[in-house]
Amino acid sequence: MAPIPRLRDYNGPALLSYGFRPFFLFGSLYAGLAILAWLPMFYGELDLSTAFAPRDWHVHEMLYGYLPAVITGFLLTAVPNWTGRMPLQGRPLLVLVLAWAAGRLAVTTSAWIGWEAAALIDNAFLLLVGAAMAREIVKGRNWRNLKVLVALGILAVGNIIFHVEAHVLGAADYGIRLGIAATMMLIMLVGGRIIPSFTRNWLVRENPGRLPASFGRFDIVSMIAAGAALLAWIAAPNWRVTGAALIAAGMLQAVRLARWAGERTWRDRLVLILHVAYAFVPLGFVLVGLAALGLLPSGAGIHAWTGGAMGIMTLAVMSRASLGHTGRALVATASMQELYLLLVAAALARVCAAIHPAWSDALLHVAGGAWAGAFVGFAVTYWKVFTGPRAAA
């Protein structure tokens with residue numbers, strides 16, 4: 001992601017001058033604060049006026065609240081680079097931010113306003129984002145990136161299913177699996193583009209030698225295998241064939257990651273953390289596959305995907321993109337590296353809490369505290385990046 005090549009004349013708040021600024025800032029704050037609310041909810045110490053069961057509120061607000069904010073921030077900044085068109089700024093950007101915030105408020109107060117109103121307000125955000133992205137991609141004739149709209153569409157459908165399922169059945173299952181699957185496909189799609197690219201750029205400049213393998217037939221096969229396994233998991237998560245397919249897909253994704261020469265990027269932590277984040281993709285496939293075979297609790301693999309791949313990848317992308325798009329040096333400061341380590345610890349603790357129920361209380365508090373610290377710490381650390389001017393040339 002190179003810096004946006006051109007901008008409209010803009011005299012408003014710096015926060016609304018780039019699409020990533022409000023969504024990365026408010027999204028990261030929400031990710032941290034929502035977990036601080038979730039832990040007392042889980043232990044019955046806090047009640048919110050939501051129509052969702054406590055578990056479903058937690059899952060929904062991470063999967064359909066936090067993640068769409070980060071995805072939107074990324075797309076609003078990437079699509080202008082892909083299409084050559086002007087980015088969204090000012091009042092149109094504010095409309096999207098307010099639509100996202102309204103969704104969070106509606107879901108949290110859905111017991112008051114009714115689940116139908118909450119579902120309508122909540123889903124309006126993804127539909128608005130999809131419409132905005134479709135307009136830019138079509139007008140820019142950037143047809144190859146229409147596949148991003150497919151992932152957004154699946155996420156929107158998953159959100160609708162989540163609301164209906166939670167109301168009719170009292171708990172969401174298909175909506176959760178569909179949302180996770182759509183996000184994992186997006187991570188594999190976008191990660192497969194940016195991780196080898198950033199790695200190659202750094203290695204050519206700083207550490208000549210083995211370079212990441214170019215995108216080829218193996219990547220296509222691994223993506224097809226992953227997509228098929230995820231479809232089977234959505235439909236039949238406890239089927240033995242599903243378990244075998246997930247484990248096979250995880251092995252292919254592990255090989256795919258190994259082909260990107262991540263072990264050679266130790267000195268550039270902004271690149272290295274992308275590889276660490278992606279490592280949770282194959283780990284999640286294997287753990288969820290083992291759960292389908294009845295060998296592990298399902299939460300282990302699901303949290304490897306959500307807390308690990310999704311959480312760490314979004315923090316890695318946010319921290320790098322924010323520096324690049326504001327003209328700052330692409331360097332992970334000591335404090336940012338500490339936040340990376342904190343989030344890795346949170347992901348590992350949450351996976352272990354699912355595997356070792358006897359340790360779950362202590363590990364849940366470790367995971368929740370570390371997760372909140374990482375995301376709130378990121379918002380504080382990058383506050384001036386999001387709210388201040390571009391760095392001087």
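Helices here are DSSP runs of H or I with at least four residues, numbered from the N terminus (strands, likewise, are E runs of at least two). Keep that numbering at hand for the tour. The model is predicted, so local features need pLDDT of at least 70 and side-chain atom pairs count only at pLDDT 80 or more, while totals for chains, interfaces and linings use all residues. Residues are numbered from 1 along each chain as its sequence is written, and side-chain values use heavy atoms, with hydrogens and water left out.

**Stop 1: the enclosed space**

Start inside. Rolling a probe the size of a water molecule over the atoms shows where empty space is left. Here the search runs on a 1 Å grid over the protein atoms alone: a cavity is a set of points where a 1.4 Å probe fits but cannot get out, and lining residues have an atom within 4 Å of a point. Grid points are joined across faces, edges and corners, and a volume is the space filled by probe spheres set on the points.

Across the whole structure, two cavities of 30 Å³ or more turn up. The largest cavity holds about 230 Å³. Select Ile71, Leu186, Ile187, Val190 and Thr314: of the 14 lining residues, these are the closest to its centre. Which helix gives the most to this lining? Colour helix 7, which supplies six residues.

**Stop 2: the open space**

Now look for the largest pocket, where a pocket is an open set with protein on both sides within 12 Å along at least five of seven lines. Its volume is about 990 Å³. Select Val59, Ile302, His303, Thr306 and Arg350 to find the residues closest to the centre, out of 41 in the lining. To show the elements that give two or more residues to that lining, display helix 1 (20–42), helix 2, helix 7 (174–206), helix 10 (269–292), helix 11 (298–325), helix 12 (334–355) and helix 13 (360–381).

**Stop 3**

Is His60 buried or exposed? With a relative accessible area of 0%, His60 is buried; buried means under 20%, exposed over 50%, and partly exposed in between (1.4 Å probe, protein chains only). Next, show its contacts, meaning heavy atoms within 4.5 Å. Neighbours within four places in sequence aside, His60 touches Phe52, Gly65, Arg104, Val107, Asp122, Asn159, Phe162 and His163.

**Stop 4: salt bridges**

A salt bridge is a side-chain nitrogen of Lys or Arg within 4 Å of a carboxyl oxygen of Asp or Glu, and the structure holds nine. Begin with Arg55 and Asp56, whose closest N and O atoms are 2.7 Å apart. Asp56 is buried at 1% relative accessible area, whereas Arg55 is partly exposed at 37%.

Move on to Glu263 and Arg210, a salt bridge at 2.2 Å, N to O. This pair links distant parts of the chain, 53 residues apart: Glu263 sits in the loop between helix 9 and helix 10, and Arg210 in the loop between helix 7 and helix 8 (217–235). Glu263 is exposed at 55%, and Arg210 is partly exposed at 41%.

Then select Arg259 and Asp219, with closest N and O atoms 3.8 Å apart. Here the loop between helix 9 and helix 10 (Arg259) is joined to helix 8 (Asp219), across 40 residues. Arg259 is partly exposed at 28%, while Asp219 is buried at 2%.

**Stop 5: Ala261**

In the loop between helix 9 and helix 10, click on Ala261. Its phi is near 60°, a positive value in a residue other than glycine. Ala261 is buried, at 0% relative accessible area.

**Stop 6: out to the surface**

Finish with Trp112, Ile113, Leu120 and Ile121, a nonpolar patch with about 470 Å² of accessible area together. Helix 4 (110–113) and helix 5 (115–139) each give two or more residues to the patch. Patches are made of residues with over 30% relative accessible area and no salt bridge; like charges are joined within 9 Å and nonpolar side chains (Val, Leu, Ile, Met, Phe, Trp, Tyr) within 5 Å. The areas come from the Shrake-Rupley method with a 1.4 Å probe, and for residues only the protein chains shown count as cover. Zoom in on Trp112, in helix 4: at 69% relative accessibility, Trp112 counts as exposed.
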